[in-house]
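Hi,

Here is the structure I promised to pass on to you.

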Amino acid sequence: MKRQDETRGNEPERTRKSAAARPKSRRFRVWRQERPFVGGVLIAIAGVEMFFSGQLDIGHLHVQLGIEGLQATVIPVMLVLLGVLAIVMPAHHIFYGVIALAVGIYAIIGVNLGGFLIGTILACIGGVLVVAWMTPDARARAKERAQRLSEDDVQNAESASGESA
C-alpha cells in the first residue's frame, strides 16, 4: 500500500502537486491578482462606513435629505453589493465600477454628506480602481505593445539622426 505523497515513476514531484497542496496564502494571492480586489474592498468599506454614519448622531448633527430611512439603508447596501460583485465577477468590472462611482457621488446628498465625505471618497477611489483594473492577460498584452512601441521609437530616432547627419 503506497502513501499518497510517494513519487510515481519518473514524474517530478512539483508537477504532481495539485492546487490544493499549495500554501493557502499563495492560492489567495493568485486568486486576488485575477480580480479587482482592492477596489472592490474599498467600495464595500465605503458602504459599511456610510451605513454606520447614517445610524450615528454626532452631537446634534444628523443630516439626511429625501426619504431618510430608505436612502440611508439602500445606498450603503448597494455599495457593499457592488464591491462584492466586482470581486466575485471580474468580467463586469467596468459596469460595477461606474455604478459605484455614481452611487458614491449621489451619496453626498443621500446619506449624511456621503458618510461625512469619507464614504464618498472611498467609493470613488474604489470605483476608479475597479474600472481601471486589467486582467493579467490584458496587462501582458499592454506591456508587449508598449515594448514594441518603444523599440519602434528607438529605431525611428536612430533613422532620423542618421538622416540629419
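Residues are numbered from 1 along each chain as its sequence is written, and side-chain values use heavy atoms, with hydrogens and water left out.

The protein chain has eight helices and zero strands (DSSP runs numbered from the N terminus: H or I of at least four residues for helices, E of at least two for strands). Its average pLDDT, the predictor's confidence in each residue from 0 to 100, is 82, and 77% of the residues score at least 70. Confidence is lowest in helix 1 (residues 13–16), with a mean of 51, and highest in helix 7, at 96. Where pLDDT is low, the predicted coordinates should not be read in detail.

Of the 165 residues, 27% count as buried (under 20% relative accessible area; exposed is over 50% and partly exposed lies in between, with a 1.4 Å probe and protein chains only). Among contacts (heavy atoms within 4.5 Å) with a separation of 6 or more, 74% join residues 24 or more positions apart.

Helix 7 is worth a look. Its 15 residues should span 21 Å at 1.5 Å a residue, and its end C-alpha atoms are 21 Å apart, which agrees (the expected span is 1.5 Å times one less than the number of residues). Buried residues in this helix include Gly-119, Ala-123 and Cys-124. Thr-120 is also in helix 7 and is buried, with a relative accessible area of 5%. Leaving aside neighbours within four places in sequence, Thr-120 is in contact with Met-50, Gly-104, Ala-107, Ile-108, Leu-113 and Gly-114.

There is also a nonpolar surface patch of about 870 Å², whose residues include Val-38, Tyr-106, Leu-117 and Leu-129. (Patch residues have over 30% relative accessible area and no salt bridge; nonpolar side chains, meaning Val, Leu, Ile, Met, Phe, Trp and Tyr, are joined within 5 Å, and like charges within 9 Å. A salt bridge is a side-chain nitrogen of Lys or Arg within 4 Å of a carboxyl oxygen of Asp or Glu. Areas use the Shrake-Rupley method with a 1.4 Å probe, and for residues only the protein chains shown count as cover.) Helix 5 (93–110) and helix 7 (118–132) each give two or more residues to the patch, and helix 5 has the largest share, four residues. Leu-117 sits in the loop between helix 6 (112–116) and helix 7, and is partly exposed at 45%.

Best wishes

Key. Predicted model: local features only at pLDDT ≥ 70, side-chain atom pairs only at ≥ 80, totals over all residues.
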